[in-house]
Amino acid sequence: MKRLLLLAMMCVCMSFVFAQKKGDKVIKVTSSEIRWWGYKVVKTQETSHSGTVKLKSGKFNFDKTVLIDGEFVIDMRSMMAGDVSEEDQIKLTNDLKSTNFFEVKKFPTAKFHLTKILPLANGTYNSTVYGDFTLKGVRKTISFPANVYITQFTVIIESAKFSLNRRDFKVFYQSSLKDYFIKNEMDIQFKISTEKLDNENRVPVKKK
């Protein structure tokens, strides 16, 4: 009986190992653009800020020609405000990187693990993207609409502008009245591709 139980446990462990296989081909992201927006309580153009942040690395995992998942690392130290004067840009960018918000010294990267893509019919966007987003050590499952194009091992994802609740990720002023004047929602929009993109046609540029 003990031998049968041991054999059964070994079989279960082997099955788990094989289930965790990541596929046989990894394709790296070579083109990316990420934009962000933050808002004060009165959400108008005059009371909002926007900027950029850079992708540190990204990859898609395939099993033969089937996309399994994707893993993306965002360099939070590259965050920049881009809609203010040069003096205010430095001040706002430093504030965003400080312990008041994203604490980039302690949390230099954020991560998104793409888990699945489901098709959408009759809409502006052709898919819904699902995955786990980790920011400041907090992981949340999120989803958002996007246009997704997959041809062989070429992947292009162009997301809609979608919202995250900054408080879900502990992004807020510590014990300060200033935080009450800031909207909890922060918006993100991005484009990533395994090839250099032609912005007009949204297709990979052919290699010369």
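Predicted model: local features only at pLDDT ≥ 70, side-chain atom pairs only at ≥ 80, totals over all residues.
Q: Which residue in E10 stands opposite Ser32?
A: Ile192 in E10 faces Ser32.

Q: What about E8 and E9, how do they sit against E10?
A: E8 (residues 154–159) pairs antiparallel with E10 over 3 bridges, and Glu158 stands opposite Lys191 there. E9 (residues 162–165) runs antiparallel to E10 with 4 bridges, and Asn165 stands opposite Glu185.

Q: New topic. Which residues of H2 are buried?
A: Leu92, Thr93 and Leu96 are buried in helix H2. Buried means under 20% relative accessible area, exposed over 50%, and partly exposed in between (1.4 Å probe, protein chains only).

Q: Why do they line one face?
A: Looking down the axis of H2, the buried residues fall within an arc of 100°, so they line one face of the helix. The arc is that of the directions from the helix axis to the C-beta atoms.

Q: Which exposed residues are on the face turned away?
A: Glu87 and Lys91.

Q: And what covers the buried residues of H2?
A: The cover includes E2, E3 (48–63) and E4 (66–81).

Q: In the largest nonpolar core, which residues touch the most other members?
A: Phe60, Phe102, Phe133, Leu135 and Ile157 do, out of 41 residues. E4 gives the most to this core, with 6 residues. A nonpolar core is a set of buried Ala, Val, Leu, Ile, Met, Phe, Trp, Tyr and Cys residues joined through side-chain atoms within 4.5 Å.

Q: What does Leu135 touch, apart from neighbours within four places in sequence?
A: Leu135 is in contact (heavy atoms within 4.5 Å) with Met76, Phe102, Ala110, Phe169, Val171 and Met186.

Q: How many aromatic pairs are there?
A: The count is 8. Rings of Phe, Tyr and Trp (its six-membered ring) pair if their centres lie within 6.5 Å; planes under 30 degrees apart count as stacked, over 60 as edge-to-face and the rest as tilted.

Q: Why is the pair of Phe62 and Phe153 put in its class?
A: The ring centres of Phe62 and Phe153 are 5.1 Å apart and the planes are at 90°, so the pair is edge-to-face. Phe62 lies in E3 and Phe153 in the loop between E7 and E8, so the pair ties together parts 91 residues apart in sequence.

Q: Are those two buried or exposed?
A: Phe62 is buried, at 0% relative accessible area, while Phe153 is partly exposed at 23%.

Q: And what of Phe72 and Phe112?
A: The centres of the Phe72 and Phe112 rings are 6.2 Å apart with planes at 20°, so this pair is stacked. Phe72 is in E4 and Phe112 in E5 (residues 109–119), so the pair joins parts 40 residues apart in sequence.

Q: Which residues do ring pairs link into a cluster?
A: Phe60, Phe72, Phe112, Phe144, Phe162 and Phe190.

Methods: Residues numbered from 1 in each chain as written. Heavy atoms only, no water. Pairing = 2+ DSSP bridges. Helix = DSSP H or I, 4+ residues; strand = E, 2+ residues; numbered from the N terminus.
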